[in-house]
Each structure stands twice: as C-alpha cells, then as structure tokens.
Amino acid sequence: MIWAPTANSLLEATANTDVAQIGLADNGTLLPIDGGLRDAFRSGRTTAGALAKRQAAAGDQGATAFAVARGSRFFGRATRLGATVALREGTAGRGVAATYGLTRAMPDFAAGVSGALVTNAYQPQAGFVSRPNVPMTSPSVTSTAQPRWRPSDVVWITHGPTALVSQDPRSFTLQAALMSYSGELLFRHGASITPAVEQSLQRPTAPVVLFPTVRIAPGTYDFTRVTAVFNSDQSAEAAATATIPAGPFFDGSLDRFELTSHWSPSPYRSLRGTCRVNRLRSLGTRDSSVLAHLAGPEVRVFLNPRVQWSAFYQHNTAAVPGTPNVRFSREFSPLCVRPIVYSDRQVVLNGMTPTARSLILTLRWLRQM
C-alpha cells in the first residue's frame, strides 16, 4: 500500500481512513461477489501475481470489477525492480493506480526510490492508496556503520534520510511532503532504539476533517516533529515496543504514546495487545482539543499446523467504540482452506453508520501448476 502523509495517515488510524471495501457497501454491509481468479508465479529472480474479482450490483450500488497485478525481478545480487497496478471499474468510472520501486541494497549501504501514479477516477475504497489524482515519489538512503568507538553492546548504527512527496498531477505543485532523518541503534541482546526528526509540509486546498469536531482550514502548514521508538528483543517469549512522537501538528500540537506487546509461551499460542493515546491541542478552526484512545487485544491458538482460531477486539473512542472479530480456519488439504469469520461492528460516529453483524463462511481452493 502506498501511504500519503495526509492528516489521517499522520494520526495513524485514530480517525477514519479509507480501507479496502471489496465486497462491502459504503455503509459496511456485505455485497455479493460473483466470482474471481488469482494466480501467482515464482521462478528464480522473478515473481509475479494477479487477482481479479467482480462485485455484484446491490441496491443503489452497481456492479464493480477489481483487478490487481504485481511483479518484481532481481538484477544482480543487490538490485530489485518491482511494480504494482490496480484497476477499479464501476458506475463511478474506470480508474487506475500504479506503483513502482527500485532498490539497491549492499551490506553497509542501501538506496532506492519508489513512487505511485493515481488517476482521478480511481476510488480509494479499492484499498490501494489513501488519495486519488496524485503522483507520489519517495526516495530513501540508509547507511550502516560499525565504528570502533561504539559501545561494546551496540551491534551497528544505521541512519539516513527518507522523503515522501505528493504533487498535483497537472501543475506539479506541492500537495504534501514528509521528510525525515532517522537512525537506529541495534544492541546485542536484540533490543533497539530508533530516533527520528520529521519535517512535514501540508498544503490542503479543501477543509480536512480529522474528527467530527476537528476541521483543518485550507492553507499552508509546515511543522517539525520528533519520534523515538524503543524495541525489546522481538524474538523473546515476551516483547514490547513503545513509540513516542510529539510536537506541532498543523496549527496545533499532537502528542502520542503507543505500546504494543506480545507473549508467545509456545508456537501454538500467542497473546498480543495494543494501546494508543493521542492528545490533540488547539487544533483546527474551532481551536479544538481531543483525547482519543485505541486499545486492541488479540489471541491466537493453533490446535495443530492445519487448524487455528483467533479473536481480536478493538476499542476506538475516535471512531468505532467496539469491534470484535473471531476467525476459525481449517486446512483440509494443501492450499485448500475453509475459514469462518464473525465480526460485529458497533455504532460509528454517533450513529451515522449502522451496527453490522456478519458470519462469513468461505472455501478457498488453490491448485499449484
């Protein structure tokens, strides 16, 4: 997925964002799928894959066709070129989104550039980009060093710049840009510390709605934020990650704390949890302040390599108060899986979106050629 530094992405899902809606109506209810095909190919240095589905018409929503194709190839030992193309065709017209990536990775140095081009008719609901009608470019450079003066407990130090620029497709004027310089200290016991400085340039030409009570006026917004990520040894039975970004945000400020953890006492059982707190101050046309919380526990149990059960619950005070999801799947033969999924979405945004409960039974059968 290509990520554009819009207000929603900077909040990192504390507000509503567009997600893939294949098989779902605008209000989240289920739509019938007429059928689809998927194919994958791998040979030596080349990989490729394609997916096509047709969503049947229902109510006011007409039939829609979705297609995605991707491919990548290695040139030499360190250079890789890849591309992805997505197509959505329906009552709203035909839209195309494409991405590319070119990287070269050496033991102590890596550089690359990736980008995307999204047509105006492409609908973000196909789950590929966060905004239509935009070209995006993202170069990056990373250097890895092991200087003699480093502490004995430090394995390496990495650092480098990254940028993501979104432009108007006709005039190529700046829409948004996120430029960062980050580093990482990796310790011998598996922990790491990743500090970063981010410079954000935002040029919204229409009001940006972060929450129902927070609206950002069109204009020019330049601000600098700092972030620190602390990781314990992720290969341990119990591990945690803490993320602490802070600083200005548009015409106000945003401070955030996020803690994710997991406990895996055996290969057959795992428990994960996420807790995120966002505090926005003096933001938007109403000079609003918002305190938003997101929490989500998840449990996975494998009865054996072919039978698994998982359950996830998310509580988001900014959008969806409560969303449980339970999934059971059984692989009855190689590449053939029968999953059963139950989800229950509660009222969203003071009742603007109805409650939806669903029980989905799927049979997935693949044959390797």
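A: Let's start with one residue. At 24% relative accessibility, Arg203 counts as partly exposed. Keep in mind that this is a predicted model.

Q: Which residue does Arg203 form a salt bridge with?
A: Asp222. The closest N and O atoms are 2.6 Å apart.

Q: Is Asp222 buried or partly exposed?
A: Partly exposed, with a relative accessible area of 45%.

Q: How many salt bridges are there in the whole structure?
A: A search finds 6. One of them joins Arg54 and Asp34, with the closest N and O atoms 2.3 Å apart. Arg54 lies in strand β2 (residues 46-55) and Asp34 in strand β1 (residues 33-43), so this pair ties together parts 20 residues apart in sequence.

Q: How accessible is Arg54? And Asp34?
A: Arg54 has a relative accessible area of 42%, which is partly exposed. Asp34 is partly exposed too, at 48%.

Q: What about Glu258 and Arg276, buried or exposed?
A: Both are buried. Their side chains meet in a salt bridge, 3.3 Å from N to O. Glu258 is in strand β16 and Arg276 in strand β17, so the pair ties together parts 18 residues apart in sequence.

Q: Which residues are linked with them in a network of salt bridges?
A: Arg256 joins Glu258 and Arg276 in that network.

Q: New topic: the surface. Which residues make the nonpolar patch?
A: Leu303, Trp309, Phe328, Ile340, Tyr342, Leu359 and Leu361. The patch is about 700 Å². Strands β21 (336-345) and β22 (356-361) each give two or more residues to it.

Q: Where does Trp309 lie?
A: In strand β19, residues 307-316. Trp309 is partly exposed, at 34% relative accessible area.

Q: Backbone next. What is the phi of Phe250?
A: About 50°, a positive value although Phe250 is not a glycine. Phe250 sits in the loop between β15 (248-249) and β16 (252-266). At 7% relative accessibility, Phe250 counts as buried.

Q: And what is the phi of Asp287?
A: Near 55°, again positive in a residue other than glycine. Asp287 is in the loop between β17 (269-283) and β18 (288-304).

Q: Is Asp287 buried or exposed?
A: Exposed, with a relative accessible area of 51%.

Notes: Residues numbered from 1 in each chain as written. Predicted model: local features only at pLDDT ≥ 70, side-chain atom pairs only at ≥ 80, totals over all residues. Heavy atoms only, no water. Patch = residues over 30% accessible without salt bridge, like charges linked within 9 Å, V, L, I, M, F, W, Y side chains within 5 Å. Areas by Shrake-Rupley, 256 points an atom, 1.4 Å probe, with all protein chains shown as cover. Salt bridge = Lys/Arg side-chain N within 4 Å of Asp/Glu carboxyl O. Helix = DSSP H or I, 4+ residues; strand = E, 2+ residues; numbered from the N terminus. Buried < 20%, exposed > 50% of the residue type's maximum accessible area, 1.4 Å probe, protein only.
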